[in-house]
Amino acid sequence: FGVTHSSMWSGLSRSAASSSSSIGEDLLTQRRSVLEAYASALRPLFMTRGDLTHLLMKFPAQVLLGNMGKSARSFAAHRELLEELFQSLVVAVKCPEHRGKVKLAFGARFEYGQDAYKLGPVSTALRLAA
């Protein structure tokens, strides 16, 4: 909606990588394929709670629960993708004070709560900051 920042998959290319080793190139190629697979899930204009749950089920449990510990760096791509996802969310909530009215909450980022909860079959500590 008029956001002018670039996402992590919009300009990622081998020429942008500063690593000259084949290991670095392999990691970049692997990261790109993972990001492209996840990015395809961000294309819908409308998602239900079930759609969102289905998407979150594809993420590693450590990322959903915030339990990455020392391996947080290896989950950087997943966290960046979650940030992109949560920034694109708009949630419609029925207003209990006014019958028939709906309030909209625009996602700004995600954060981790202290306690995990179940969202369908997924356990997560993710919270939408709007």
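**Entry 1: the Phe pair**

I started with two phenylalanines and asked: are Phe86 and Phe110 buried or exposed? Both Phe86 and Phe110 are buried, where buried stands for under 20% relative accessible area, exposed for over 50%, and partly exposed for what lies in between (1.4 Å probe, protein chains only). For Phe110 I noted a relative accessibility of 7%.

A note on my source: this is a predicted model, in which local features need pLDDT of at least 70 and side-chain atom pairs count only at pLDDT 80 or more, while totals for chains, interfaces and linings use all residues. Residues are numbered from 1 along each chain as its sequence is written, and side-chain values use heavy atoms, with hydrogens and water left out.

**Entry 2: rings**

Next I looked up aromatic pairs, and the structure has 2 of them. My criterion was that rings of Phe, Tyr and Trp (its six-membered ring) pair if their centres lie within 6.5 Å; planes under 30 degrees apart are stacked, over 60 edge-to-face, and the rest tilted.

The ring centres of Phe86 and Phe110 are 5.7 Å apart and the planes stand at 50°, so I logged this pair as tilted. Phe86 sits in helix H4 (residues 76-87) and Phe110 in strand S3, so the pair ties together parts that are 24 residues apart in sequence. Helices (H or I, at least four residues) and strands (E, at least two) are DSSP runs, numbered from the N terminus.

Phe110 also pairs with Tyr112, this time edge-to-face, at 5.5 Å centre to centre and 90° between the planes. Tyr112 is partly exposed, with a relative accessible area of 25%.

Which residues does Phe86 touch, leaving aside its neighbours within four places in sequence? I found Gly107, Ala108, Arg109, Phe110, Leu126, Arg127 and Leu128 in contact with Phe86, contact being heavy atoms within 4.5 Å.

Phe86 turned up again in the largest nonpolar core, which has 17 residues. Such a core is a set of buried Ala, Val, Leu, Ile, Met, Phe, Trp, Tyr and Cys residues joined through side-chain atoms within 4.5 Å. Those with the most contacts inside this core are Leu56, Phe59, Leu82, Phe86 and Leu126. Helix H2 (49-56), helix H3 (61-65), H4, S3 and S4 each give two or more residues to the core, and H4 supplies the largest share, 4 residues. As background for my notes, nonpolar side chains tend to be buried together in soluble globular proteins.

I then checked H2, where Leu52, Thr53, Leu55 and Leu56 are buried. Seen down the axis of H2, the buried residues fall within an arc of 160°, so they line one face of the helix; the arc is that of the directions from the helix axis to the C-beta atoms.

**Entry 3: the hairpin**

How many bridges join S3 to S4? I counted 7, and the two strands run antiparallel; strands pair if DSSP finds at least two bridges between them. S3 and S4 form a hairpin with 2 residues between them, and Gly120 in the turn has a positive phi of about 65°. Glu111 stands opposite Arg127 in S4.

**Entry 4: salt bridges**

I found 3 salt bridges in the structure, each being a side-chain nitrogen of Lys or Arg within 4 Å of a carboxyl oxygen of Asp or Glu. Glu111 and Arg127 meet in a salt bridge at 2.8 Å, N to O. Glu111 lies in strand S3 (residues 109-119) and Arg127 in strand S4 (residues 122-129), so this pair ties together parts that are 16 residues apart in sequence. Arg109 and Glu111 form a salt bridge too, at 3.4 Å, N to O. That leaves Arg109, Glu111 and Arg127 linked in a network. I wrote down their relative accessible areas: 41% for Arg109, 26% for Glu111 and 43% for Arg127.

Glu97 forms a salt bridge with Lys103, with the closest N and O atoms 3.6 Å apart. Glu97 is exposed at 55%, whereas Lys103 is partly exposed at 48%.

**Entry 5: the whole chain**

Last, I zoomed out to the chain, which has 4 helices and 4 strands, running α-α-α-α-β-β-β-β from the N terminus on. Buried residues make up 27% of its 130 residues. Among contacts between residues at least 6 apart in sequence, 43% join residues at least 24 apart.
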